[in-house]
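User: Please take a close look at one part of this structure. Pick the part where the pairing can be followed step by step, and go through it in order.

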Amino acid sequence: MQKVDYNKYIDTKEGWVDRRIFWDEDIYEQELKQIFAKSWQFVAHTSMIPNVNDFYTTYMGEDGVIVARQQDKSIKVYLNSCPHRGNKFCYADDGNTRSFTCNYHGWAFGIDGSIGALANAHVYDEGDIDKVKCGPRQARVDSYKGMIFATFDDEAPSLEEWLGDFRWYLDMMLDNDGETEFINGGIKSYVNANWKFGVENFIGDAYHALWNHDSGLKAMNNGEGFGPAVQEGSYHASVNGHGWEFGTDGYADVAILGRPKWLEYVQNVIKPKMEKRHGKLRSEIFGSLASVSLFPNCSFLPGIQTFRVWLPRGPKKLELRIWTLVNKNMPDDVKQEINIGCMQTFNPAGVLKMDDGENWEGNTQVNKGYLTRQEKLHYGCGINREIEHEELPGIIYEGQFNDANQRHFYQRWADLMNADKWGDVPTRYTPKYAGKPTV
Amino acid sequence: MTQSKNNRTASLELINEVQQFLYREARVNDNEQFREWLTMLTNDVHYWMPYRYQRYRKNEKEPTIYDQSYYCDTMSDLEKRVIRTETGTCWSEDPATRVAHVITNIEVELTDNLDEYKVYSLTTVHRNMNEDEEHTMIGHRTDLIRRVGGVLKLAKRKIILDQNIFMNKSLNVYL
């Protein structure tokens, strides 16, 4: 079979993307192999599995995995599929257990994923099974400031290299005043949309907020809309396909939650500490109108504190998992204010989220039309606005109303789709912070 | 006959009155008369639809109001939601969603407070949107209904949805 050059589906110089990447089954299969079987992916927050034998089940691509806290407090991630006939051996979302047992024939698995006792083991003769060799496949696991990541690719670069200078930005969310945690419970929902539409919305689409979220913002903000788009002092930053779009107004995203206690807390507690530890610029960025995605499929809103993954369910459907991120040391009433605010804005009944789902389904489902999906999508906004910035790391564009982060996300997508080995992946940005901490 | 802890039984008249209240609430919601719906709630209403955990029986736990939820609203929170639908820029609700609430399995229990009744019901919400998108949700409701100035009002509602992954892109109706 002739090798496909996935660069033909995108053009970052002219600014367009081919719609077939949101629809074609064969492109989707390649994504599972080239993106989801290779990338470091967010699988859980450490606070979801604080105790020995705690576990959480999720997916990397469409591969079901168990994320489990070990006896020595380390974390393992392994396929949730019995090596005997393949059935899932854990059907719970999360919990605490010393072992799992497959329902089909009764094979047991330790919390480390190793095969334990077999039901009616006497039917096996000695030598029939090597339990060590036969165990479910284990992923590489690493974490960054509470976020647990995993990859099934032994050749993938280290997590630090994968995140690269994006750590400079992540520290604003994950390390603005000590450790973070998730509020209990992650809400899951289906959207009949391609997974990339969720990711690209958060990676750099401030533009849609002004129009699409006018009603939601007015509801949350005493009848006030967004006001005019401000391009001065606002940016897109892209690193290795991750993207953060942001202003420097300091409070717009915090205000969207409509919770005065949270606003005061950001002003009086978080910002002064950030100014000392992270510097003035980062203390101004945190809380401003902003949105973020980590390549390939994890997103959050700093200041609004909603956190999510977009799990692919075929090219035309995604499973959205939503959490609320807070600092561990926040008073309980501030945590609850943030939790209620996130619920009311970005959970499935959220006054902003309700409008998003409609759009992404529309973006995806129109492509059932053969002629429609031959038409390219325009990603040209701000295409000549790249700048050098003395402080901001990454590929920087001025003006947060811009398609820059989306263009660079799709470039990263094409780079990985094309790469037979990691050495083939082009370096698009040289890090300033390689091997160095970012706070 | 439905009985309370102390064996007093709700009268047929009361059961009928509560049923009529719930049917009217359903109709008002179906017709998007959200301002009128708010008048059917007490000022201290708590409208709660928690996230439902799917865990092994040995690990089962009850959701709390400090966990994530679909709704965990006070009157002022619900008012914000209603404001959204009044802005004229609520694009995803234009054209309008078609909704039918079917309310069944109503049980009325008396409580220690003569003006408050504990009411169980099932709500089956059928939603049809855009060209052909259909979604059915079934919620187990536990309500506290209070008589205020002679009129029944909803003071508390807990809704347990019979879904783990919420099966649709948005929850744009009240259950």
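Analyst: Two strands count as paired here if DSSP finds at least two bridges between them. The model is a predicted one. The part to follow is the sheet of chain B.

Start with the overall layout. Six strands of chain B form an open sheet. Their order is 2-1-6-5-4-3, and the pairing is mixed. Strand 2 (69-73) and strand 3 of chain B stand at the edges. Each has a single partner strand, so one side of each is left without a neighbour in the sheet. From one strand to the next, the twist averages 20 degrees.

Strand 3 of chain B covers residues 98-110, and strand 4 of chain B covers residues 116-129. The two run antiparallel and are joined by eleven bridges. One contact point to look up is B:Glu109, whose bridge partner in strand 4 of chain B is B:Lys118. Strand 3 and strand 4 of chain B form a hairpin, with five residues between them.

The next step is from strand 4 to strand 5 (residues 133-148) of chain B. This pair is also antiparallel, with 14 bridges. Here B:Tyr117 has B:Ile145 of strand 5 of chain B as its bridge partner. The hairpin of strand 4 and strand 5 of chain B has three residues between the strands. Within this hairpin, B:Asn130 takes a positive phi near 50 degrees.

B:Val148 stands opposite B:Val151 in strand 6 of chain B.

Then come the helices. Helix 3 (residues 75-86) of chain B packs on the sheet, where it touches strand 1 (41-50) and strand 2 of chain B. The direction of helix 3 of chain B makes about 80 degrees with that of strand 1 of chain B. Helix 1 (residues 12-30) of chain B lies across strand 3, strand 4, strand 5 and strand 6 of chain B. Helix 1 of chain B runs at about 160 degrees to strand 3 of chain B.

Methods
Residues are numbered from 1 along each chain as its sequence is written. Chains are lettered from A and ligands numbered from 1 in the order in which they are written. This is a predicted model: local features need pLDDT of at least 70, side-chain atom pairs count only at pLDDT 80 or more; totals for chains, interfaces and linings use all residues. Helices (H or I, at least four residues) and strands (E, at least two) are DSSP runs, numbered from the N terminus. Axes are lines fitted to C-alpha atoms, for helices over the stretch in contact, and angles run from 0 to 180 degrees between N-to-C directions. Two residues are in contact if their C-beta atoms, placed from the backbone, lie within 7 Å.
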